[in-house]
Amino acid sequence: MLKSNNSIRRVGKLVRIAKSTCGICQIGCGILAHVDNGRVIKVEGDPDSPLNKGELCPKGLASLEYLYHPNRLQHPLKRLGERGEGKWLPVSWDEALDTVANELAKARDKYGAESVVFIRGAAKGPQDEYLTRFANAFGSPNIAGMAHICFVPRRNASIITYGFYAIPDFDYPPATIIVWGKNLPETLHHVYQRVARAVGHGAKLMVIDPKKPGYRADLWLKPRPSSDLALALGMLNVIINESLYDKAFVEQWTVGFDELKAHVQDYTPETVADITWVPAEMIKQAAKFYAANKPACIQWGNAIDQGVNSFQTARAICILRAITGNLGIPGGELQWSPPSLLELGSPAFSLREKIPPEVRQRRITTSDELLPIAFHILPQGIVNAIRYEDPYPVRVAYVQGCNPLLTYSNAREAYQALLNLDFLAVADMFMTPTAALADIVLPVASYLEFDSIVVPPYSLAVALAQQKVTRLAECHSDYEVLRDLARKLGLGEYFWDTEEECLDYILAPCGITFDEFRKIGVLSGSKQYRSYESQGFATPSGKIELYSSQLKEWGFDPLPTYREPPETPHSDPELAKEYPLIFTSWKSAPYRHSGGRQIASLRGSHPEPIVTIHPETADKLGIKEGDWVYIETKRGRIKQKATLSTGIDPRVVGADYGWWFPEKEVSDLYGWAESNVNILTNDKPPFNREMGSSNLRGILCKIYKV
């Protein structure tokens with residue numbers, strides 16, 4: 001379905017207003033960019049956007065601060081002196097790309113293409129796939145992102161269970177909504193708006209989160225961080241044993257119910273209460289709250305992805321949706337028919353077939369034996385390969401929009417690995433702690449400076465036009481950088497001359513060009529109510545696989561089974577004597593991952609890293625509001641500023657994620673280790689068996705005043 005939005009209109013003689021899409025995060029908010037003689041003078045929300053309907057979060061409102069920040073990288077830089085010393089020589093694009101191309105070719109010719117890793121970051125759009133295409137054309141199977149701890153465990157669990165990724169039908173509206181492991185107003189604000197509208201129409205709301213939500217909920221469960229799978233299994237126990245499931249739907253459209261029923265008998269509310277700290281009566285109440293009030297939907301979040309039970313937690317939640325009959329119904333969870341774009345992860349675009357199977361099998365983390373549908377390599381595998389040559393040495397890394405010193409677990413190990421590389425190239429908008437270790441730094445364009453197609457992964461099935469409205473002279477888009485680099489390596493045939501031609505190729509199945517798309521603005525998919533009645537489910541059985549024979553065949557648990565994470569009071573009671581508290585983390589509205597700390601309006605609203613502590617715990621430790629405190633695990637300690645709240649369990653502390661200090665000296669890598677939560681996390685096994693997710697939450701810690 002096509003929707004015209006009159007892409008550009010003029011106001012006065014010089015000012016034009018261009019409709020576009022914010023690219024600071026991946027959720028696809030529509031914007032209006034006011035442009036005066038080539039300079040963007042205002043960015044505001046687009047009231048015609050099907051997603052945000054005119055509202056923008058603090059990050060989107062700061063778009064011009066990102067675009068025109070005085071510390072933005074505007075010239076390619078070549079390192080002088082030692083790594084991290086902060087001495088740079090501005091060079092031409094030709095010289096910078098010649099250097100990168102020569103180092104990539106040298107490593108490929110001497111050690112094999114697999115000695116080069118390509119690391120994707122926060123873009124979550126075509127830019128990611130451009131890098132994948134480049135890596136495959138180059139011949140390296142070692143392409144890394146954050147898939148193992150962000151969204152993909154939930155997506156893969158959904159596909160294994162019922163063949164598609166379900167999206168809540170908030171607009172019907174539902175009778176019941178569960179928000180599980182997601183800070184909606186701060187990290188998915190336009191979905192929060194839709195939830196708020198549904199609640200305004202009478203929907204009941206349950207929140208499952210260790211931290212009390214900043215909005216009203218009818219029921220709040222605060223499980224011990226990383227125990228969500230046990231909670232889901234406990235809810236399944238109640239729903240099945242009290243016959244609250246949809247018997248007709250289960251009988252007709254699922255396989256494995258008898259096995260599931262037998263399996264969940266081990267997860268009584270009393271047993272689960274001991275694991276999760278959620279009282280047994282509240283587990284029963286939550287199960288009935290969800291199952292007895294249809295239609296119901298579950299908006300889940302990133303917290304589910306980050307631990308040893310990531311994939312199976314998502315599987316258990318998928319099963320909750322299925323046995324209650326909430327799939328495919330108005331107000332429940334829907335399959336959407338998406339716009340007919342070329343799938344960016346398809347072989348046609350990614351060039352996956354360019355790498356022979358025997359080379360693909362040489363991926364760094366092949367020995368981890370993840371799901372066959374998981375193609376990523378793991379950050380912890382990159383670190384091992386660089387530092388310990390396991391399974392072979394990695395010599396060169398190309399990093400695009402990623403800051404591994406802040407985002408990789410056990411960050412000190414990541415730091416040592418980056419120091420050990422023969423060559424490191426980083427493409428980014430700003431100098432970051434990771435970029436400060438590079439040999440070559442490439443300045444890339446902001447979202448206002450290049451054309452693209454935005455496909456939000458988990459809100460509505462739409463594709464949105466992102467338009468180039470200006471350009472700082474020396475900044476290139478990621479596509480342009482990779483196209484020019486490909487040409488220097490003799491791989492130019494795999495990239496189109498212009499970014500617009502590439503976008504035309506992606507839009508070809510829709511029968512339109514990007515120039516036409518920029519005038520249309522939005523391509524909308526459609527809701528598929530009860531589509532299974534005509535086509536079944538896209539699984540081996542054609543039904544929802546409560547018990548997955550596919551997982552069994554691959555050697556994984558066919559039913560979700562809870563495994564206690566490492567470094568918890570249950571798995572390591574001796575460690576708990578020294579580290580008596582549980583550490584978790586969360587993101588805040590002004591920042592996206594480690595980005596934005598140099599943006600004045602964002603930093604002004606949240607100037608320092610905050611750790612949340614219960615007043616009872618703080619009192620016992622002599623900690624007062626505003627004190628700086630150390631948070632310590634087995635691997636090290638960081639400091640953050642204490643804030644006291646009764647909205648957290650006294651046994652839990654919650655830290656700010658992604659902190660570094662752009663105002664500090666480059667010789668200290670901008671204070672990258674001072675408040676960085678990944679100093680506390682581990683990059684050693686056990687990982688999630690299916691996806692390789694590292695354990696980032698629910699870890700034993702202690703706190704004390706600085």
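1. Is Arg651 buried, partly exposed or exposed? Arg651 is partly exposed, at a relative accessible area of 38%; here buried means under 20% relative accessible area, exposed means over 50%, and partly exposed lies in between, with a 1.4 Å probe and protein chains only. Its salt-bridge partner is Asp649, with N and O 2.9 Å apart. Asp649 is buried, with a relative accessible area of 9%.

2. A word on the basis of these notes. This is a predicted model, in which local features need pLDDT of at least 70 and side-chain atom pairs count only at pLDDT 80 or more, while totals for chains, interfaces and linings use all residues. Residues are numbered from 1 along each chain as its sequence is written, and side-chain values use heavy atoms, leaving out hydrogens and water.

3. On to the salt bridges in general. A salt bridge is taken as a side-chain nitrogen of Lys or Arg within 4 Å of a carboxyl oxygen of Asp or Glu. By this rule the count comes to 45 salt bridges.

4. Asp48 and Lys19 make one of these, their closest N and O atoms being 2.9 Å apart. Asp48 sits in the loop between strand E5 (39-45) and helix H1 (58-61) and Lys19 in strand E3 (residues 15-21), so the pair ties together parts that are 29 residues apart in sequence. Helices (H or I, at least four residues) and strands (E, at least two) are DSSP runs, numbered from the N terminus. Lys19 is buried at 10% relative accessible area, whereas Asp48 is partly exposed at 47%.

5. Do look at Lys527 and Asp169 too, whose side chains meet in a salt bridge of 2.6 Å, N to O. This pair links distant parts of the chain, 358 residues apart: Lys527 is in strand E23 (residues 526-528), and Asp169 is in the loop between strand E10 (167-168) and strand E11 (176-180). Asp169 counts as buried at 1% relative accessibility, and Lys527 is partly exposed at 28%.

6. Lastly, the barrel. Six strands form a closed barrel in the order E25-E29-E26-E28-E27-E30, with mixed pairing; two strands pair if DSSP finds at least two bridges between them. Val611 stands opposite Ala642 in E28.
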